[in-house]
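Please walk through the fold below, from a single side chain out to the whole chain and back to its aromatic rings.

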Amino acid sequence: MKTVITYGTFDLFHVGHLRILTRAKALGNRLIVAVSTDEFNFVKGKSSVIPYASRAEIVAGLSCVDQVIPEENWDQKISDIKNWSVDVFVMGHDWDGKFDYLSDYCEVTYLDRTSGVSSTMIKRTVGASSSSAIGF
Ligand code: C2G
């Protein structure tokens with residue numbers, strides 16, 4: 001069993017999210033995705049349009065995702081890696097270098113982002129204001 005983990009908000013789920021999750025899964029045979037809670041997003045200075053429960057449900061519904069856990073703070077990664085016997089930590093290259101400290105615990109890989117799409121772009125395009133969270 002080769003376990004891969006990645007972290008993110010995954011707001012307004014789009015093809016860039018799908019591609020990095022698909023490519024992360026291809027690095028092993030179990031993919032765990034830590035989805036940022038609404039409270040942690042506030043800490044990150046982000047406000048998502050889609051509430052955590054729905055964002056987590058969407059990610060969990062993907063065939064390439066085996067498990068979803070909440071990302072509640074910046075400091076849980078080392079314990080997550082130990083608790084879930086993670087072999088590979090993956091993030092998009094916009095985070096290049098930021099998580100190299102995790103290489104003491106597992107392989108750290110940064111994958112190219114998909115250009116031309118982002119949750120922010122979608123928000124701006126559809127005019128969704130982050131304060132009017134959409135509930136399902
Ligand atoms: N991503 C991508 N291509 C895009 C947009 C995002 O490959 N066009 C990747 C990002 O690089 C990241 C993942 O998709 O690896 C999730 O992106 P976000 O939801 O924006 O997550 P972020 O705010 O980067 O949170 O502790 C880590 C943080 O929780 C990461």
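Does phenylalanine 89 count as buried or exposed? At 0% relative accessibility, phenylalanine 89 counts as buried; the term buried means under 20% relative accessible area, exposed means over 50%, and partly exposed lies in between, with a 1.4 Å probe and protein chains only.

Some conventions come next. This is a predicted model, in which local features need pLDDT of at least 70 and side-chain atom pairs count only at pLDDT 80 or more, while totals for chains, interfaces and linings use all residues. Residues are numbered from 1 along each chain as its sequence is written, and side-chain values use heavy atoms, with hydrogens and water left out.

The secondary structure of the chain comes to five helices and five strands; helices (H or I, at least four residues) and strands (E, at least two) are DSSP runs, numbered from the N terminus. Along the sequence they follow the pattern β-α-β-α-α-β-α-β-β-α.

The five strands form an open sheet with parallel pairing, in the order E3-E2-E1-E4-E5. Two strands pair if DSSP finds at least two bridges between them. At the edges are strand E3 (67-71) and strand E5 (107-111), each of which pairs on one side only. From one strand to the next, the twist averages 25°; axes here are lines fitted to C-alpha atoms, for helices over the stretch in contact, and angles run from 0 to 180 degrees between N-to-C directions. Strand E4 (residues 88-92) pairs with E5 in the parallel sense over five bridges. Methionine 91 has tyrosine 110 in E5 as its bridge partner.

Helices lie across this sheet. Helix H1 (residues 15-25) lies across strand E1 (3-8), strand E2 (30-36), E4 and E5, and runs at about 145° to E2. Helix H3 (residues 52-60) lies across E2 and E3, at about 165° to E2. In the loop between helix H2 (38-43) and H3 sits proline 51, which is partly exposed with a relative accessible area of 25%. Its C-alpha atom is separated by 16 Å from that of glycine 61, ten residues apart along the chain.

Now the chain as a whole. With 136 residues, a compact globule would have a radius of gyration near 14 Å, and the chain agrees at 14 Å; the radius is taken over C-alpha atoms, and the globule rule is 2.2 Å times the number of residues to the power 0.38. Of the 136 residues, 43% count as buried. Among contacts (heavy atoms within 4.5 Å) between residues at least 6 apart in sequence, 66% join residues at least 24 apart.

The structure also holds six aromatic pairs. Rings of Phe, Tyr and Trp (its six-membered ring) pair if their centres lie within 6.5 Å; planes under 30 degrees apart count as stacked, over 60 as edge-to-face and the rest as tilted. The rings of tyrosine 7 and phenylalanine 89 have centres 5.8 Å apart and planes at 40°, so this pair is tilted. Tyrosine 7 lies in strand E1 and phenylalanine 89 in strand E4, so the pair ties together parts 82 residues apart in sequence. Tyrosine 7 counts as buried at 4% relative accessibility. Tryptophan 95 and phenylalanine 99 also form a tilted pair, with ring centres 5.3 Å apart and planes at 35°. Tryptophan 95 is partly exposed at 26% relative accessibility, whereas phenylalanine 99 is buried at 5%. Ring pairs link Tyr7, Phe40, Trp74, Phe89, Trp95 and Phe99 into a cluster.
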